Structure formats: C-alpha cells, structure tokens
Amino acid sequence: MSNITPHPQPDALGHFGTYGGMFVPETLMAALTELAAEYERAKQDPLFKEELDFMLREYVGRPTPLTFAERWSEELGGARIYLKREDLLHTGAHKINNAMGQILLAKRLGKDRIIAETGAGQHGVATATVCARFGFKCVIYMGEVDMERQALNVARMRFLGAEVCAVTAGQRTLKEAVNEAMRDWVTNVGTTHYILGSALGSHPYPMMVRDFQRVIGEEARRQILEREQRLPDYLVACVGGGSNAIGLFHPFLDDKSVKMLGVEAGGRGIRRGEHAARFEGGKLGVLQGTKTWLLADDDGQIELTHSVSAGLDYAAVGPEHAFLKDIGRTEYSYATDAEALEAFQEVSLIEGIIPALETAHGLAGVRKLAPELGKDGLIICNFSGRGDKDVAQAAKAIFGEDVFG
Amino acid sequence: MQNRIEQMFEKLRTEKKAAFIAYVCSGDPDTERSLEVMHALARAGVDLIETGVPFSDPVADGIANQMAASRALNSGASVKKTLATIKRFREKSEIPIVLFTYLNPIYSYGFKRFHEDAAAAGADGILNLDLPPDEEEINEELLQANMLLNIRIIAPNTPAERIAKIVKSGAGFIYYISREGVTGERSELASGISRQVTDIKSHTSLPVVVGFGISTPEHSAAVAGMADGVVVGSAIVNTVAKHSLSADLADRVYNFVKPLVDATKSV
C-alpha cells in the first residue's frame, strides 16, 4: 500500500497539487486571508463545532437517512443502490450544511451583511434561511435566466427576507452571478461576508466548503457499515462546482476499495456551448480565483455552457476534483439533459422520491453503473436535493405542459 | 537599456510633474478605431497607455469596462489582435504601454510566449489583475518572464507587511487602487489617498500612481498633487462608448482627455 496520503490538505495558499490557489484581485486578498485564518481558529475551537453540530441536528435535520432503493435496484438488475437523502434536509438540499457553517463563521468575523451567488437557487435559499435565523442582511445574486427557470426559489428567498439581484450580464446564469457577488464583495469587504456555495473559487473556499459538506460522507460511511457490514464499491454524485460530491467522497478517500464517480452535465451533447462537462471538453485555466479545468475557447474566453440543471450549468469544476482525477482517485462521466430527465422520471415512479435535476445527473450515472457492477455490487448515490424547485421545468420537458400557465 | 516606463518617470521627476495614465480596452469598439483612440490619447499628451486585454469575466471591473470588453469581443478582439494593434501603434509612437489583463486569456495563449510576443510588439509592462505575487512565485509555468515590467497593485486594505512584500516584486511603478471596489467613475475622490501614498513610498522608491474612481480634471489635479501619476479609465471608456458609432470618435476622446492631462500638468 502506498504511504502517500491521497488527500493532503492544500498548502497555505490552497493548492491541491497544481490546482486551486488564490488568483484574486489584491482588494480581496486581505479578506480571504482573514477568512482563512478565522476558519483555522474556528476549526480548533470546540465551541464552534458544538454549535455547528447542534444547529445541524436541531435546525437543519441531520443526520439524513441512507435509504435502500430496493425497487430501483431490482429494476436495474444490478448493484444494490443506497441513496444518501440530503433532499430531506431543511430547505431541500445539501447546500445548507455549508451555509450553516459559514454563517457561524461570519458571526465570528463580526460581519453583518451576507452575499451569495446562486444557480438553481438552493444555495440562495439556504443562505437566505441562515441569514433569517441569525439576523443578517442578505443579498443574493442570481442570473436572470436562472431566476426564470427557478422562480419558486426566488420567491422563497424573498419570503426569507433576502434581496434577490438579477444579473443580466453574459449568459445570465451561475458564472455571471459569481462575478457580481465578487464585485459586491470587493466593494463592501469591510462589512460583508461572501458565502460561496460550492467547493470553488479562491482559497479557503474549496477546502472550507468541502469540510462543511464532509458530514455527508461521514454519516454515509457509518450508515453503510451498519446496514451492509461493508464499504460500498462506488460512490456516485453529480458535479457542478462539486460540493455535494466532495462532501460524500472525502471521508472515503483512504478506503482504497471504494471507487468514486462524479457526473457532470452533458447538456445537449459535448459540443461547444451545449454542455458543462469540463473534464470532457475543457482545459486547464484560471477563473474566479482558482486554477482548474474549465471551458474556454482558444483565446481563453470562458465559453457558454448549457444544462437543463441550473446548478450544474457552470464553466469550471472545483479544484480538488481536478486534483483527485489527476492522481486517479476519482473518475468522471457525464449525463445529457435527456438522460437526466429519464432518471428523474424513473426514480420518481419507482422509489417515490422526486429528485432535483442536478441530482438526476448522478442518478443517470447510477443507471449505467448498477447493471455493470452486477448483483454483488454496492453503490451509494448522493441524493443531493429534492425536485420541488424543478416541477415547472420538468413538467414542460416531460409532459410538454406549462403547469403554472 | 532602460524601459520606456522608467525613462518616462525619470523625465517627469526632473520636471516635477505627475504622469497622466489613460486606460482603454483594446479592440473597443473595434480594432481599427481602438488604434485611432490610442493615437488620440498620444496627441492629447498622455504619458502612458494602459491597454486592457478583453476578457469575458472581468471580476475586478465595473460596468463601464465590462461593456467595453464585451464590445471588443463582439467585434472579434483577441489576445493576438491586441498585440498586433500595439505593434502598429509602435510604428508611430514611443509612449509606454502597460497591458492590463486577467490571467486566463494570456495563460491560454501561453504565459511565457505572451510575455515574449508582447515585448516584441512593443509593450513595456504588464499588470495582471488576478495574479498576485504569491501565486507567481509558486506556479512553475508562471515563473516571471522578465521581458515586461511587472506592475503591482496595492489596495486600501493591503496590510503594511504585505505592501513591503508586494513592492519587492514590482517594477516600473506601483498602482494604488484608491478605493475598495471595482473600476468605475465616481463623483467624489476617496479619502486618505495622500497618507496611503506616503505609506507605500516608505517601502519603495518606485513611483506610485493612483487610480479607480478618478474622472474629472479637478480629481486629476488633486491626485497629481499627492502622487506620481493619475490613472483615468472608466471615464475615458465611457467616452468611447458614447461615441463609438461617431466618425469623429478619436477627436471626441482627444477633447475629453486633453483637459484631464492639462489639469494633471497644472500641478
């Protein structure tokens, strides 16, 4: 066995191998350095962990079940499939694990205003929720296109007291929302904490968001050992920025027998501007503070992306995923819009659980993998979020109906 | 041989004048007229031109510069064309040029190759908005290619010990961002500029120029009294935007910039 640990902590500037880092304007360096230092202090502080654990248990709803998908496993005729039910959390997705961790950190930092970007709206809702709970001012940046396709979440954020700012630049989706959030932060850095929602951006975010999401994998590992008395053969999760995936994967990295599959958004197919599968059609570059795999043209301009799922519709992948792929620890595939919608329908019909469209990409990965692994196989798929927010869009795609007129 | 930037500041030091630095986005509104705009800036007497390399995701820029980059990209701008434009400008002018850029376009072009080609085209310095010295030191492929002077940025919230570190890796001049925020016109100057410039100068003998939010002759004259140079960007970019369809774009830019230069030199 190799004695090289497959998951070193990143270095002081947040590098995972050649990836990650702090590629930010000088105006943000002081804030990021302060954040990284405070996060290190919080990690050592038993009271911080105690408060976070308490809030996760009593408010967020942890631990989540690990549900055996009995009928679906049978239907696919292969591996036994377990679903890690992050959809059952308060606000309906894994995003609140990180939002809760960061709001407690913002309290320590003495900031009174919170900003965040959101794609599918789940991170925006989670952030607006913790801001309401702890009495912070909250501004959420969201692309205009995403506001349309995730109108339900926009309304939820507003109920929770957040100001939702429409971003009209570029292709008006997640990437532009991150740009606007960064501009806001540069301008208001003295009073404001930026709750970034994925394992992306400048250090310390990829490491910190991962740590706050690790609870998914820690629970899943304990639960599968209780239920099956063995480790799974595969972990599967969708990958946009990659926070739900890294949260599930990370606690299993030392378990050499456990393979890990991240599923990116294949959109309408792997053609320029039609997808968001960075490992499939991307290259090494620097975007929004981090060095990683991304979709860019020959001139280094960031390319348009497409996915039926707003949460995966993003041009760069979290740097730790790029690192883990390089060292051969994780693998990545993609699911097209059509494959995700098929999985969405199948799991809704067979298991009675309606997934988020993001989650449906992971499920589409499982649909291919389960039969290949055979009856002895064991899979855990991160059921990262529930599909309520996607009802209008999915109904249109599946029934051709405009449910909300 | 001394770099054009160093020569320019040395000359101004003997004349006891501040430099006027103009920012424009390369390729805005298109390649040909962007070159005309550069010549108009030269005619108006600017001491240095900062040429923005258009990027799809300029996170440190306000709306004026974002729109400029998108006009440029829509008209077919590229890193290659930016360098070609500088080369053509050099046929007629010796005004120093600093490339104002984000990392990804030049990373994609090839970091070292970009430095070589830019220097060959006649650029003198590079200001990389999202490449802090910390990263440059440790990423092998970013090891300083030293054909261009590395212009460093210092922000109002940069701690003293970090200022000391940054200036060590800088050359040509230090660009002090006078306010927290993105680029853009402001009606009021930021406070504390004079004290900050003095602070920075206690760490370095490099000239210190001030930018972000400077848009009027009054601002320019005020800053010229406190620093070695004045940078005006968004206000000029907005002028380009406003007259981008006019045949007399270059004259409009000249007419806008000349009073700024004069005000800077009046101090």
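How many salt bridges does the rule find across the interface of chain A and chain B?

Modeller: This is a predicted model. The rule finds 2 salt bridges across the interface of chain A and chain B. One pairs A:Glu26 with B:Arg162. Their closest N and O atoms are 2.8 Å apart. That falls inside the 4 Å cut-off for a salt bridge.

Across the interface of chain A and chain B, 19 residue pairs are in polar contact, both partners at pLDDT 80 or more. Several elements of chain A build its side of the contact. α8(A) gives the most, with 7 residues. By class, the side of chain A that touches chain B has 17 nonpolar, 11 polar and 9 charged residues.

Now the extent of the contact. Chain A puts in 37 residues and chain B puts in 40 residues. The area buried between chain A and chain B is about 2,800 Å². Carbon and sulfur atoms give 52% of that area. Three residues stand out on chain A. A:Phe23, A:Glu26 and A:Arg183 supply 24% of the area that chain A buries against chain B, more than any other three residues.

Next, the backbone. Start with A:Gln288, in the loop between β11 and β12 of chain A. A:Gln288 has a positive phi of about 50°, although it is not a glycine. Is A:Gln288 buried or exposed? A:Gln288 counts as buried because its relative accessibility is 6%, under the 20% cut-off.

Chain B has a positive phi too. B:Lys16, also not a glycine, has a phi of about 55°. B:Lys16 sits in the loop between α1 (4-15) and β1 of chain B. With a relative accessible area of 70%, B:Lys16 is exposed.

Two cis peptide bonds remain. In chain A, the bond from A:His203 to A:Pro204 is cis, with omega near 5°. A:Pro204 lies in the loop between β8 (192-194) and α9 (205-228). In chain B, a cis bond joins B:Asp28 and B:Pro29, with omega about -5°. B:Pro29 lies in the loop between β1 (19-25) and α2 (31-44).

Terms used. Residues are numbered from 1 along each chain as its sequence is written. Chains are lettered from A and ligands numbered from 1 in the order in which they are written. This is a predicted model: local features need pLDDT of at least 70, side-chain atom pairs count only at pLDDT 80 or more; totals for chains, interfaces and linings use all residues. Side-chain values use heavy atoms; hydrogens and water are left out. Contact means heavy atoms within 4.5 Å. Buried area is the accessible area (1.4 Å probe) that two parts lose on being put together, summed over both. A salt bridge is a side-chain nitrogen of Lys or Arg within 4 Å of a carboxyl oxygen of Asp or Glu. A polar contact is a pair of N or O atoms within 3.5 Å; within protein, one must be able to donate a hydrogen and the other to accept it, and residues adjacent in sequence count only if both atoms are side-chain atoms. Helices (H or I, at least four residues) and strands (E, at least two) are DSSP runs, numbered from the N terminus. Ala, Val, Leu, Ile, Met, Phe, Trp, Tyr, Cys and Pro count as nonpolar, Asp, Glu, Lys and Arg as charged, and the others, Gly among them, as polar. Buried means under 20% relative accessible area, exposed over 50%, partly exposed in between (1.4 Å probe, protein chains only).
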